[in-house]
Amino acid sequence: MILKAVQINKKYPRPTKLASHFEAVKTTDFSLEKGKLTEITGRSGSGKSTLLYMMSGLLTPSAGNIFLDQTDIYSLSDEKLAKLRNKNFGVIPQGQTGLFALTVLQNVLCPAAIFGKTDKYQNRAMELLDMVGILNLKDAKMNELSGGEMRRMSIARALLMDPDFIFADEPTDDLDDENTEQVLKLLRKTCDNGKSVILVTHEQSAKKYADQIFNMDGGSFKS
């Protein structure tokens with residue numbers, strides 16, 4: 001399975017005397033293959049996260065197409081795209097995310113709950129919480145967690161459905177050195193099991209886990 005972007009870009013309106021828009025990602029091709037950990041580095045504002053969210057089906061490109069094998073994902077209806085994302089994509093967003101009315105375990109089970117499959121994924125959710133070191137917090141609410149603990153919850157949630165593609169946007173922010181290494185090893189293991197990970201990060205230690213590294217600047221890849 002291959003996820004491929006063909007001549008995509010992302011523009012935002014910004015009418016000024018000099019330009020009518022801001023180009024967050026300049027026209028580019030990009031592809032992700034199963035079994036590889038792809039790292040994207042670059043300064044803040046260079047287009048890394050914008051590219052990641054376009055590839056993950058969460059941000060429509062201004063131009064171009066993104067194909068999952070032969071399927072143009074943005075040609076699908078909202079319902080069909082949501083089902084495709086739920087089955088094939090796992091997203092670890094930047095920042096601290098979680099539903100505050102739910103427990104940690106319930107938050108991790110959210111992707112399965114959408115289609116009424118929480119019972120089927122209960123054991124996997126517990127296993128993932130153990131892998132990221134917060135199984136003891138399974139019954140805690142979001143307001144009881146530190147930033148790092150909330151971050152690890154979102155990692156477990158992204159991996160719950162065993163997706164083919166994982167999109168990780170600064171997944172080690174808020175984590176100490178020990179937990180950073182634990183998360184990077186888990187993402188590497190995920191690739192070794194045949195999945196694909198795209199990792200946006202400033203973390204220097206991530207390089208040793210990557211199969212390929214790209215650097216972005218000003219919305220385009222630097223050679």
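Helix α6 (residues 147-159) packs against helix α7 (residues 177-192) at an angle of about 5°, and their axes are 12 Å apart. Because angles under 35 degrees count as roughly parallel, α6 is roughly parallel to α7. The model is predicted.

**The contact of α6 with α7**

- From α6, the residues R152, I155 and L159 make the contact.
- From α7, the contact is made by N179, V183, L186 and T190.
- By type, the residues of this contact are four nonpolar, two polar and one charged.

**Nonpolar cores**

- The largest nonpolar core consists of 38 residues.
- Inside this core, L37, V104, L160, L187 and L199 have the most contacts.
- Two or more residues of the core come from each of α3 (104-108), α5 (118-131), α6, β7 (165-169), α7 and β8 (196-200).
- Helix α6 gives the largest share of this core, six residues.
- Leaving aside residues up to four places away in sequence, V104 touches L129, I134, L137, K138, A140, M142, L145 and M153.
- A second, separate core has 23 residues, among them L3, A5, I8 and M55.

**Residue K26**

- K26 lies in strand β2 (residues 21-33).
- The relative accessible area of K26 is 38%, so this residue is partly exposed.
- K26 touches I8, N9, G218, G219 and S220, with residues up to four places away in sequence not counted.
- K26 and G98 are 72 residues apart along the chain, and their C-alpha atoms are separated by 32 Å.

How values were computed
Residues are numbered from 1 along each chain as its sequence is written. This is a predicted model: local features need pLDDT of at least 70, side-chain atom pairs count only at pLDDT 80 or more; totals for chains, interfaces and linings use all residues. Side-chain values use heavy atoms; hydrogens and water are left out. Helices (H or I, at least four residues) and strands (E, at least two) are DSSP runs, numbered from the N terminus. Buried means under 20% relative accessible area, exposed over 50%, partly exposed in between (1.4 Å probe, protein chains only). Contact means heavy atoms within 4.5 Å. Axes are lines fitted to C-alpha atoms, for helices over the stretch in contact, and angles run from 0 to 180 degrees between N-to-C directions. Angles under 35 degrees count as roughly parallel, over 145 as roughly antiparallel, 65 to 115 as roughly perpendicular and the rest as oblique. Ala, Val, Leu, Ile, Met, Phe, Trp, Tyr, Cys and Pro count as nonpolar, Asp, Glu, Lys and Arg as charged, and the others, Gly among them, as polar. A nonpolar core is a set of buried Ala, Val, Leu, Ile, Met, Phe, Trp, Tyr and Cys residues joined through side-chain atoms within 4.5 Å.
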